[in-house]
Amino acid sequence: LQLKSAAHKQRLIEYLIKYNIFVRDVSQTEFLKRHCIRITIGTCEQMEYVQKVIISFIEEIYNGAYCFS
């Protein structure tokens, strides 16, 4: 995922950690753009869970405003 700013990225990382979702900050990776995190998901059930948490993040923290690039 690429977010609009470092602040948005950090806020999402902190939010995901609250739900036991751990991601990798790959902003420093040469081939990726700034403000990126990597999510590796193993099963469809895990993907659905992560998707629900990210949607709740957007709704709860940003009142439904899109914070991704």
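Guide: Welcome! Let's start with a definition: a helix here is a DSSP run of H or I with at least four residues, a strand is a run of E with at least two, and both are numbered from the N terminus. Please also keep in mind that this is a predicted model.

Visitor: Thanks! How many helices and strands does the chain have, and what pattern do they follow?

Guide: The chain holds 2 helices and 2 strands, and along the sequence they read α-β-β-α. Of its 69 residues, 30% are buried. Among contacts with a separation of 6 or more, 59% join residues 24 or more positions apart.

Visitor: Let me begin with α1. What span is expected for α1, and what does it reach?

Guide: At 1.5 Å a residue, the expected figure is 18 Å. The 13 residues of α1 reach 19 Å from first C-alpha to last, which is close to that.

Visitor: And how do I tell which way the side chains of a helix point?

Guide: Here is the general idea: with 3.6 residues a turn in an α-helix, residues three or four places apart point the same way. In this helix, the buried residues are His 8, Lys 9, Leu 12, Ile 13, Tyr 15 and Leu 16. Viewed down the axis of α1, they fall within an arc of 165°, so they line one face. Exposed Ala 7 and Lys 18 sit on the face turned away from the buried side.

Visitor: What covers the buried residues of α1?

Guide: Their cover includes β1, β2 and α2.

Visitor: Is Asn 20 buried or exposed?

Guide: Relative accessibility over 50% is the cut-off for exposed, and Asn 20, at 62%, therefore counts as exposed.

Visitor: Where does Ile 21 lie, and which residues is it in contact with?

Guide: Ile 21 lies in the loop between α1 and β1. Buried means under 20% relative accessibility, so Ile 21, at 7%, counts as buried. Leaving aside neighbours within four places in sequence, its contacts are Leu 16, Tyr 49, Val 50 and Val 53. Take Val 50 as an example: it is 29 residues from Ile 21 in sequence, while the two C-alpha atoms are 7.4 Å apart.

Visitor: How many residues does the largest nonpolar core have?

Guide: It has 13 residues, and those with the most contacts inside it include Ile 21, Leu 12, Leu 16 and Phe 57. Both α1 and α2 supply at least two residues of this core. The largest share comes from α2, with 6 residues.

Visitor: Finally, how should I read aromatic rings?

Guide: A ring pair is described by the distance of the centres and the angle of the planes. Tyr 15 counts as buried, at 3% relative accessibility, whereas Tyr 19 counts as partly exposed, at 31%.

Visitor: Which residues do ring pairs link into a cluster?

Guide: Tyr 15, Tyr 19 and Phe 57 are linked this way. You have met Phe 57 already, among the residues with the most contacts inside the largest nonpolar core.

How values were computed
Residues are numbered from 1 along each chain as its sequence is written. This is a predicted model: local features need pLDDT of at least 70, side-chain atom pairs count only at pLDDT 80 or more; totals for chains, interfaces and linings use all residues. Side-chain values use heavy atoms; hydrogens and water are left out. A nonpolar core is a set of buried Ala, Val, Leu, Ile, Met, Phe, Trp, Tyr and Cys residues joined through side-chain atoms within 4.5 Å. Buried means under 20% relative accessible area, exposed over 50%, partly exposed in between (1.4 Å probe, protein chains only). Contact means heavy atoms within 4.5 Å. Rings of Phe, Tyr and Trp (its six-membered ring) pair if their centres lie within 6.5 Å; planes under 30 degrees apart count as stacked, over 60 as edge-to-face and the rest as tilted. The expected span of a helix is 1.5 Å times one less than its number of residues. The arc is that of the directions from the helix axis to the C-beta atoms.
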